[in-house]
Amino acid sequence: MKVTKPVKKKISGWGNYPVESCFVYRPENETDIHDIIEGTQDFSHIAYGLGRSYADTALNKDQGVIRLEQLNHFLHFDEDQRLLTCEAGVTLSDIIDVFLPRGYFLPVTPGTKLVTVGGAIANDVHGKNHHVDGCFSEFVTSFDLLTGSGEVMTCSREENSEVFWATVGGIGLTGIILRATISLIPVESAFINVTYEKAGHLDEAFDKFIENDQNYKYSVAWIDCLSSGSSLGRSVLMRGDHAKQSDLPMNVQDPYALPNKFPLKMPVHAPGMALNYWSISAFNQLYYSSFKDESKLEDLTSFFHPLDAIDDWNKLYGRNGFVQYQAVFPKDQQPKEGIRKLLERLSSDKRSSFLAVLKSSGQANHGMLSFPMEGYTLALDIPNKKGLFPFLKELDEIVLAHGGRVYLAKDASLDEETFKQMYPRWEEFLNVKQQVDPKGVFRSSMSRRLGLTD
Amino acid sequence: MRTILILGATSTIAQATVRKLAARSNMNFVLTARNTEELKPLKQDLEIRYSASVILKSFDALNFDQHETFFSEVIEEAGDIHGVVLMYGAMTDQKQAENDFSAARNMIDVNYTSAVSILNIAANYFEEMKRGFICAVSSVAGDRGRKSNYIYGSTKAGLSVYLQGLRNRLHASGVQVLTVKPGMVDTKMTYGVVENSKLLADPNKVATDIQNGLVKRRDVVYTPWFWFIIMGIIKLIPEIIFKRTDI
């Protein structure tokens with residue numbers, strides 16, 4: 001048997017923390033993946049897409065990491081039902097490039113389009129429309145999963161549904177997603193009609209969300225998490241819907257054309273000091289002032305994926321990297337108070353967050369480890385500086401006290417006990433994992449940290 | 001509408017090249033491999049992304065007797081073809097090839113003998129049509145024999161000289177012959193074998209160079225371009241010195 005060889009190298013997730021040495025495989029097709037798994041007994045593996053989960057979700061210290069990027073073929077498109085079947089390494093960016101000019105768009109997109117379809121399922125990603133449309137998995141009809149026993153299992157809501165719901169959000173621990181069928185949505189243009197509204201403090205932001213969030217398909221708020229006192233939680237709400245062709249100015253010739261943007265690139269890591277309390281405060285002040293309450297057209301890229309315009313923007317945080325912390329607070333346990341406490345802690349500790357996002361989230365789905373639940377979610381970038389982990393632990397306690405949880409795709413610090421409190425269906429998840437992966441082929445640095453595998 | 005025959009479409013460079021060519025409009029393909037099952041995802045991908053029409057056909061480079069039949073079947077199924085791109089190749093470890101003649105023989109037959117067999121047939125076809133192109137992937141390793149890979153290198157040297165002569169012959173008929181000489185490329189062949197991956201070129205870059213070479217009707221393309229300089233210098237070193245080196 002011809003086993004594809006690995007390369008031993010140090011890799012990290014998008015946050016550049018942690019950095020771990022792994023045996024990285026790069027199969028070219030499904031047969032190669034079978035060969036790798038059968039040819040390496042007593043070795044564990046985890047699938048790796050484009051490395052956009054932030055921390056150790058797709059790392060596997062001193063063990064196998066299987067890069068799926070070469071499995072990037074579209075396999076079928078059913079125009080009538082708008083159903084696309086593709087290999088798991090196809091990126092959301094590929095889908096937009098090919099299908100937007102034909103009038104279709106992704107039903108759910110996270111803040112970057114540089115993720116694979118497999119990764120989007122394994123992390124059950126969500127986007128600005130979660131409050132009305134739910135997670136990525138809502139639009140996944142079925143997928144083929146290569147399990148630990150080497151079997152390829154087709155999973156959907158009807159077929160192997162338990163495995164389906166364990167794999168959705170299951171951070172790669174049930175096997176390798178090989179192919180998936182997802183539905184696309186029809187759109188009339190490459191633009192979003194965005195309404196901007198400023199909110200002077202957290203209460204006002206919440207009032208606005210509660211008042212009319214359901215009227216917008218897409219909704220998110222940038223929040224200044226360094227503001228304090230009476231302006232704690234001041235925000236800019238950015239909400240909108242797909243623009244119809246009749247909304248476009250007369251001079252737009254091709255309604256589906258995205259503007260050509262010159263890609264910027266972060267060539268090297270910024271010095272550790274570049275993003276500090278003062279620079280971020282100054283930025284936040286300027287940014288907040290730059291908005292006024294108005295409506296305007298934004299192209300899809302600027303609205304959904306603004307940071308993709310800068311290659312390797314994660315290097316802004318310097319060599320030590322950063323962590324991203326995203327928590328959801330359920331609607332019935334005083335979410336506003338939870339978020340207020342979190343913001344107060346950040347503000348008092350002067351832990352700067354460049355990008356902080358507040359959003360209302362819709363109902364939870366059946367994914368056993370899927371993150372969102374009905375309520376509000378806050379996402380923060382926090383540079384990796386001294387005292388970070390005890391600080392995150394404090395945040396975890398606030399989140400737990402309000403019945404919330406943190407998002408595994410971004411988490412770098414949860415301990416086993418906290419994780420199991422936040423995700424009470426972990427045992428059910430492990431039962432399914434035991435059925436499809438009895439030998440424990442699929443493990444990751446994260447699964448060891450969270451006590452899901454040893 | 002142009003139809004291009006790709007011999008050995010499963011390789012990493014071939015996949016990248018086919019996608020680049022398909023992105024230009026009006027390109028159809030006959031893709032070949034020993035086992036066409038492996039090409040199905042690529043076929044479906046090309047149909048969905050670029051609305052290209054794709055025929056899959058099994059081709060065994062070492063079954064020389066079947067090459068005539070294979071080629072006439074391709075013409076029959078595709079109607080006509082406008083170019084042939086030969087992308088397959090074999091590379092075994094030098095030490096193994098030194099000690100086991102069957103390994104050396106396999107490289108010779110795959111890289112040289114089979115190319116002569118199938119490209120002779122294609123050349124006769126295009127010569128008669130008075131148009132078309134033949135493109136084959138050789139290697140910088142064929143530019144000078146070195147102890148680290150001279151058996152592989154000599155098969156590619158043979159291929160390069162064959163293509164050179166073919167170019168000379170077909171010039172009068174207006175048929176382009178393009179010799180592609182890649183350096184080390186980040187493919188399945190080199191992944192996990194070449195330690196320093198910084199030396200490996202991106203297959204997409206190689207594909208772009210091949211496409212440009214075809215569009216601009218070039219004769220020889222080194223890819224990435226700097227191999228032209230490197231090999232230029234290496235070829236200049238007098239043998240009396242070169243034989244003592246460890247390059």
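This is a predicted model: local features need pLDDT of at least 70, side-chain atom pairs count only at pLDDT 80 or more; totals for chains, interfaces and linings use all residues.
Reader: OK. Which strands does helix 2 of chain B lie across?
Author: Helix 2 of chain B lies across strand 2 and strand 3 of chain B. The helix runs at about 165° to strand 3 of chain B.

Reader: How do strand 2 and strand 3 of chain B pair?
Author: They pair in the parallel sense, over 5 bridges. As for one position, Ala33(B) stands opposite Ser58(B) in strand 3 of chain B.

Reader: And what is the order of the open sheet in chain B?
Author: The order is 3-2-1-4-5-6-7, an open sheet of 7 strands with parallel pairing. Strand 3 and strand 7 of chain B are the edge strands, each pairing on one side only. From one strand to the next, the twist averages 15°.

Reader: Back to helix 2 of chain B. Which residues are buried?
Author: In residues 40–50, the buried ones are Pro41(B), Leu42(B), Lys43(B), Asp45(B), Leu46(B) and Tyr50(B).

Reader: What covers them?
Author: The cover includes parts of both chains: strand 5 (74–78) and strand 6 (83–87) of chain A, together with helix 1 (12–23), strand 2 (27–33) and strand 3 (54–58) of chain B.

Reader: What follows helix 2 of chain B?
Author: Ser51(B), with a positive phi near 50°. Most residues other than glycine have a negative phi.

Reader: Where is Asp62(A), and is it buried or exposed?
Author: Asp62(A) sits in the loop between strand 3 (45–48) and strand 4 (64–67) of chain A. Its phi is also positive, near 60°. Asp62(A) counts as exposed because it has 12 C-beta neighbours inside 10 Å, and the cut-off for exposed is 12 or fewer.

Reader: Changing topic. Which residues does the cis peptide bond in chain B join?
Author: Thr223(B) and Pro224(B), with omega about -15°. Pro224(B) lies in the loop between strand 7 (220–223) and helix 8 (226–236) of chain B. In chain A, the peptide bond from Tyr17(A) to Pro18(A) is cis, with omega near -10°.

Reader: What does UniProt place at residues 225–242 of chain B?
Author: An unreviewed UniProt entry places a "transmembrane region" there. In the model that span is 83% helix and 0% strand, and its end C-alpha atoms lie 23 Å apart.

How values were computed
Residues are numbered from 1 along each chain as its sequence is written. Chains are lettered from A and ligands numbered from 1 in the order in which they are written. UniProt positions are given in the numbering used here, feature names are shortened, and annotations may be inferred rather than shown by experiment. Helices (H or I, at least four residues) and strands (E, at least two) are DSSP runs, numbered from the N terminus. A residue is buried if 20 or more other C-beta atoms lie within 10 Å of its own, exposed if 12 or fewer, and partly exposed in between; C-beta atoms are placed from the backbone. Two residues are in contact if their C-beta atoms, placed from the backbone, lie within 7 Å. Two strands pair if DSSP finds at least two bridges between them. Axes are lines fitted to C-alpha atoms, for helices over the stretch in contact, and angles run from 0 to 180 degrees between N-to-C directions.
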